Structure formats: structure tokens, C-alpha cells
Amino acid sequence: MASPLYPELENAITEILSSANDQTREFRQRLRKLIENATLGNFTDDDVREVIELAVVDEEFED
Amino acid sequence: MDLRVLGWRYENIRGGLRDVSISLDSSPGRWTLIQMPNGTGKTTTMSLLRAVFSGEALTPQEVYDLRATDITETGLFELRMSINNKPFRIQLRLDFKNRTHQYWTARSEVRSGGLEEGLSLPPELKRLLSRDFTRLFVFDGELAKEIRTVGKDRAANAIRILYRLDQLDMLNVKVDRLVEEQQQRSAAISTATERKGVTRWKRQYETVITRRTALWAEQKELQKRRKEMESRRITVVALISGRIDQDEALRKRKEQLERERQTIDLSLLEATHQGMSSLRVPAKIHPGIQQRLVALGGKLTHLKLPKTISVEFFKELAEQHDCVCGRPVTEPIKRAILERAENYLAEDQILVINQMKAALRESSADSEEFTRVATQLASILRQLRLNKMAHDQLELERVEAGDTELENLRHENQQLERDLDTNAQKIEKLTTRDPARQRALSASSENNIPLCDIEVKRCQEKLATATDTLRFVLQSECVKSLVSKISGLAQLRLTERVRIATNEKLAQIVPSESLSVSRIAGALELESRQLSSKTGVSEGQSLAVAYAFLTSLLTEAPYKLPFIVDSPAVSLDTAVRRDVGDLIPELFDQMIMFVISSEREGFADAFYQREGVRYITLWRDGKDVTQARDGLEYFRSFHQREGAE
């Protein structure tokens with residue numbers, strides 16, 4: 001099936017994800033796919049949870 | 001996704017539509033011109049088409065008003081269409097006696113192929129075809145005004161929905177829900193003491209969320225009230241102007257003042273642009289600033305930052321037991337410091353600093369420029385005040401001559417001005433992000449949305465720590481932030497693409513009007529070459545803008561939708577009609593146009609030379625029953641007195 005992404009969304013994904021260079025390659029690929037599926041309303045809770053758990057974060061925060 | 005209308009059928013509907021079928025499934029079918037004199041159910045057909053596309057709930061009165069006669073008990077409107085080449089049939093069944101209605105659907109996916117109750121369109125299409133969105137492609141002139149009226153958010157919303165960006169909002173909602181579920185699960189397995197902490201933070205989090213919802217509602221209410229007041233103010237100003245016009249001498253003076261005002265506005269715009277440009281070059285602001293910049297450049301030169309110091313610093317740091325922040329330098333941290341050391345203050349950064357030094361040393365500009373522009377601006381603003389006072393004087397003269405209605409209008413206008421000021425202050429207190437303004441307005445998380453957002457985040461983090469879900473919360477925030485950035489950037493670019501395409505089409509449709517869309521925010525904001533913003537727009541111009549916008553919006557969207565339009569050219573003059581008639585049809589794969597006989601000239605006749613056009617004429621016969629006939633000859637020669645529907 002052809003990608004449902006149109007150029008503006010495709011470019012926005014590429015641009016924003018490439019600036020998220022603290023994230024892993026797998027996270028970026030999976031988030032791209034999730035967004036692609038989300039535009040068609042086609043995703044499950046597990047899809048979303050798996051992508052969330054791949055995100056790299058710094059757990060320190062200001063008290 | 002491709003949606004195509006194949007036809008529709010009426011039974012016992014007002015406008016004499018007792019038993020009429022319109023069939024568009026045989027070729028030619030790309031363009032259909034349906035000639036319906038007033039009174040034969042054109043407006044009714046548009047309403048029914050919108051209803052069956054969106055499945056909107058009709059009120060009992062709306063149902064009752066659709067009856068063909070007082071004794072008719074039931075009625076039907078049936079739309080046939082294809083969605084991705086699969087046939088769908090939607091029925092709107094009307095019970096005039098009980099004033100109720102039901103939707104029924106027949107689709108090929110259902111094994112029996114029979115009718116089932118409800119509107120069963122593919123979910124993706126059902127999401128798209130809201131009542132508001134349907135009005136964009138089942139279009140009438142009324143919407144043309146709305147599209148460019150302040151306060152309607154249809155234009156920007158339409159872009160979001162049509163290009164599926166609203167689905168990304170749904171994705172973020174899903175992320176929030178997963179976090180909530182995770183926290184509930186974690187809280188359930190904590191010890192009693194931990195549960196106490198969780199309960200406390202959960203309560204606090206819920207309180208602050210409730211407060212934020214209330215602040216959002218307050219903001220929405222204030223904005224709604226503001227739009228109402230602005231709209232009323234436009235009316236009041238027009239009424240005041242009308243009262244002045246009743247006195248010939250005053251009218252002439254008013255027109256003279258308006259001409260002067262236009263010149264002042266232009267000068268103001270020019271001086272403001274010039275002032276802004278000057279402000280961007282600090283050296284132009286004041287001789288003192290220029291002197292200090294030159295001095296700073298000199299100091300930087302003397303400082304001479306060594307190029308290798310940063311690398312050496314990192315190497316030394318990696319060998320220490322503890323970092324400067326106090327944390328131990330472990331083996332992985334040591335590796336990270338050494339690997340990343342090169343990233344800090346490398347050769348190119350030194351180059352940038354050197355360029356800064358040179359630029360600062362050589363800062364030279366006309367340091368009096370901004371002062372001159374500021375003086376000029378002050379003078380223009382004085383002229384503006386004098387112009388306004390002279391305008392007020394006209395009104396006062398008319399009031400003194402005994403125009404009490406004008407006096408009342410003036411009072412109302414003054415009250416509106418005061419109310420608008422108060423409203424603006426309230427909105428500012430509620431929404432400002434500027435810390436200085438927040439302090440000045442005594443804003444807190446109780447009454448300021450950005451501060452409340454910070455409080456929400458704080459409570460969320462505390463709750464996350466208490467439930468041991470901090471990591472998951474932070475990860476979800478990261479995902480949401482990226483999704484929002486992507487959605488925002490895509491919308492910005494889509495909006496710009498639609499705006500540029502709209503202006504290209506406008507230049508073709510109304511080349512003489514110098515009219516263009518300057519911004520698509522909630523609504524379309526217009527400008528003309530003469531003025532920075534365009535507020536007075538004729539009905540024909542509105543329609544031209546709406547066509548240019550809608551065709552730009554719909555033609556490249558991921559959905560192929562038909563464009564159904566009522567009286568497409570009635571408010572356009574003949575030359576513009578012809579341009580619209582030439583330009584728009586090429587942009588849609590299916591176009592259905594309801595016209596009256598007066599639109600044949602200039603608009604319908606532009607189609608006569610085209611291949612692939614269907615012509616249908618509907619009229620009421622002697623028994624007050626609407627009949628339909630196919631064919632160009634009948635369409636061209638049809639004449640009937642236009643009555644009121």
C-alpha cells in the first residue's frame with residue numbers, strides 16, 4: 001500500500017525527527033511508522049506503548 | 001479515498017419534489033449543471049445533501065418543514081454514491097406526522113446488500129464528514145462570507161481535518177490515556193504509605209487539571225464575547241456612517257477625512273516597517289549603542305580565546321574521580337566525555353567568534369536613523385488622532401442637530417470600546433507567557449493558563465514519582481512533544497501552500513482587484529496592494545476568495561470529493577463569472593452546480609463548448625409537481641418566472 005503521507009507531513013516528520021538526535025534510530029523509525037498509521041486512524045495501544053518505551057529520556061528533573 | 005455522487009431521489013419533499021430522481025451514474029458525469037428555478041427545492045436539496053453526508057440530527061421542526069404538503073405523512077431523500085468504487089446508498093427517512101427521521105445505509109460490504117439502520121460510512125470518511133466540513137464541498141455563497149469572517153475557525157480547521165492532522169491529536173490523547181492507565185496499575189500495587197502519597201498527588205493533579213479546564217472555558221467564553229462585540233462594533237460603525245451620510249455636507253467632509261485616513265494609514269505602515277528594520281540593526285538605534293558595540297568588539301579581540309583549551313579541559317576532566325557537578329566520573333561517563341569533547345568549541349566556532357569580533361569592531365550605521373523614524377511615527381500618530389477627532393466632530397455636529405439615534409449609537413460604540421478594552425485585559429491576564437506581564441498582572445496558576453500548565457506538569461511529575469512511573473511519563477511527554485511539533489510544522493507548510501495556491505487563483509479570477517490572502521489563521525485574512533489589511537469586501541469578491549481557497553484546499557487533498565455548489569455565479573459580474581467558469585471545473589473530478597436561468601449568461605454558457613457536461617432542468621408543472629429533464633437544448637431554452645422558494 002502506498003504511503004498516506006503527503007509531502008508537507010513527510011518533510012515535517014523527517015525534519016523534526018532528524019533534529020531529535022538524542023533518540024535512537026529505531027525509535028525514530030517506529031515513531032515515523034506510528035504517525036503514518038495514525039493519520040489513517042490505524043494503531044493499537046500496544047503500538048503506541050512500544051514506541052513510548054523506546055524513547056530515550058533523562059530522568060532528572062527540577063524539584 | 002475517492003467519493004463520487006451517483007444520484008439522488010426525492011419522495012414527498014417540499015418544493016414539489018414528490019417523486020423525482022436525478023441520475024448521474026451514466027456518462028457524461030464529470031460536470032453536471034442542474035437548472036432549478038427558485039421555489040423548486042434548490043436550497044432544500046443542498047440541506048438534504050449535507051444532512052445525508054454528515055448524518056446530522058434534524059430538529060423536529062426541520063423534519064416537519066420538509067413535508068411536501070400538510071397531508072403528507074412520510075418522505076424520503078436517498079443519495080447514491082460510490083466510495084473507492086464501492087456503491088453506497090444512504091436514505092433519510094422522514095416521518096412528518098411524528099416529526100422524526102432515521103438514516104439507513106445500503107453498502108456492498110454487507111453480505112445481504114440490504115439496508116441497515118444508521119449511517120454506515122467507512123470510519124475514515126465518517127470522521128471527515130462533520131457538519132462543518134460538509135459545508136465546504138456542498139457549498140453555498142453564505143459560507144463565502146464565513147470563510148473570511150473573523151471568528152470562524154473553519155478555514156484552519158478544514159486544513160487540519162482534510163489532511164488528517166487531527167488524527168495526530170488523537171494519537172497524543174491516546175498517549176495520555178496510556179500514562180493514566182500505567183499510573184493506575186502502579187498505584188494499585190504500592191504499599192499503604194506509598195498509596196497515601198499517590199492519593200495526595202493524584203488529588204492535587206486532578207484539582208489543577210479541573211482548574212485548567214475552567215481557565216480554558218473562560219478563555220473561550222472571553223474570545224467568543226470579543227468576537228460578538230467586534231462584530232457588533234462593525235455594525236454600529238456602519239450605522240454611524242449611514243447617519244452621517246444623510247447630511248450631504250457632512251458626507252463630503254467624511255469622505256475627505258476617509259481619504260486622508262487612507263494616506264495616513266499608508267504612511268504609518270511604511271514608517272512602521274522602516275522602524276522595525278532599524279530596530280533589527282542595533283547600531284542604528286542610538287549613538288551610545290554603537291559606541292558600546294565597537295568597544296565590545298575591541299575587548300573580545302584582546303581576550304583572544306585559545307582554540308585548544310576546551311579539548312584540554314575535557315581530557316583533564318575525564319581523568320578526575322568526580323565531575324565539576326559533584327557526580328562520580330565512571331568509565332561510561334569518561335568515554336562519553338572524551339567522545340563528545342570535539343563537539344565543543346571546535347575550529348568553526350572560533351571562526352564564528354572571530355567574525356563576531358570583526359562585526360562588532362566595525363559596527364557602523366546611521367545611528368540617528370531610528371530617532372528620525374520614531375519622530376516621524378509620532379507625527380503620523382498625531383495626524384491620526386487629529387483625523388479621528390475631526391471624524392468625531394462630524395458625529396457631534398449631527399448629534400447637536402438633533403440626531404438622537406446617532407447619539408445612542410455613539411454611546412453604544414463608546415461602551416463597546418470600553419468593554420473590548422476590559423475583555424483584552426482579561427484575556428491577557430489569562431494567557432500571557434511574559435514573566436514581567438505575569439508579575440504586573442498578579443497572575444498565578446489560579447488565573448493564568450501558562451502558569452497553570454507549569455503547575456500541571458509539576459503535579460504530573462510528582463504523581464509519576466509517587467507511582468514509580470516517572471520514566472514512562474517522561475517518555476510519553478517526549479513522544480507527544482515530537483508529534484505536536486510534526487503536526488504543527490506540517491500544518492504551517494500546508495497552510496502556506498494553500499495560501500499561495502489561493503492567491504495564484506485569485507490573481508487569475510480577479511486580476512484587477514489586487515486582492516490576496518495574507519494569512520490563514522482561524523479565518524482567511526485578506527490584504528490589498530493599497531492597504532495592509534482588507535476589511536470591506538464585496539459579495540462577489542468573497543465568492544472569488546472562497547472559490548480560490550476551496551479549490552486550493554480540496555484539489556490536492558488525500559480525499560477526492562465532489563464539489564457541489566448552489567448558485568455559483570449569481571453574485572459575480574459577467575467577466576468574473578467567465579473566469580470562474582473557465583478555472584474551477586478543471587480542478588475537480590466531479591462538480592455539481594445548481595444554477596438559475598440568469599446564471600446561464602457568462603457562467604453556464606462557458607460549459608457549452610466542453611465535453612463531459614450533463615445538463616438537467618427541474619421545473620414545476622401545472623399541477624405544482626416538480627419534473628426533471630435531461631439535455632442541453634432544453635437547458636438553454638428554458639424560461640420560467642423565478643419565484644421565491
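Leaving aside neighbours within four places in sequence, with which residues is Leu33(B) in contact? In this predicted model, the residues that Leu33(B) contacts beyond that range are Met593(B), Val595(B), Ala604(B), Phe607(B), Val613(B), Tyr615(B) and Phe635(B). Leu33(B) also belongs to the largest nonpolar core, a set of 123 residues. Together with Val52(B), Val479(B) and Tyr547(B), Leu33(B) is listed among the residues with the most contacts inside this core. Helix α18 of chain B, spanning residues 470-509, contributes the largest share of the core, namely 13 residues.

Chain B as a whole comprises 645 residues, of which 28% count as buried. Its secondary structure consists of 21 helices and 14 strands. When contacts in chain B between residues at least 6 apart in sequence are considered, 70% of them join residues at least 24 apart.

An open sheet of six strands is found in chain B, with antiparallel pairing and the strand order β2-β1-β4-β5-β6-β7. Its edges are formed by β2 and β7 (115-117) of chain B, each of which pairs on one side only. Averaged over the sheet and with direction ignored, neighbouring strands are turned by 20° against each other.

Strand β1 (residues 3-13) of chain B pairs with strand β2 (residues 17-23) of chain B in the antiparallel sense, through six bridges. In this pairing, Glu11(B) has Asp19(B) in β2(B) as its bridge partner. The hairpin of β1(B) and β2(B) has three residues between the strands, and Gly15(B) adopts a positive phi near 90° there. Eight bridges, again in the antiparallel sense, link β1(B) to strand β4 (residues 74-83) of chain B. Here Arg4(B) stands opposite Ser82(B) of β4(B). In a regular strand, side chains alternate between the two faces of the sheet.

The model also contains an interface between the two chains, in which 25 residues of chain A are in contact with 30 residues of chain B. On the side of chain A that touches chain B, at least two residues are supplied by each of the helices α1 (7-19), α2 (25-38) and α3 (45-54) of chain A. Classified by residue type, this side of chain A has 17 nonpolar, two polar and six charged residues.

Note on methods. Residues numbered from 1 in each chain as written. Chains lettered and ligands numbered in written order. Predicted model: local features only at pLDDT ≥ 70, side-chain atom pairs only at ≥ 80, totals over all residues. Pairing = 2+ DSSP bridges. Helix = DSSP H or I, 4+ residues; strand = E, 2+ residues; numbered from the N terminus. Contact = placed C-beta atoms within 7 Å. Nonpolar A, V, L, I, M, F, W, Y, C, P; charged D, E, K, R; others polar. Buried ≥ 20, exposed ≤ 12 C-beta atoms within 10 Å, placed from the backbone. Axes fitted to C-alpha atoms, helices over the stretch in contact; angles between N-to-C directions. Core = buried A, V, L, I, M, F, W, Y, C linked by C-beta atoms within 7 Å.
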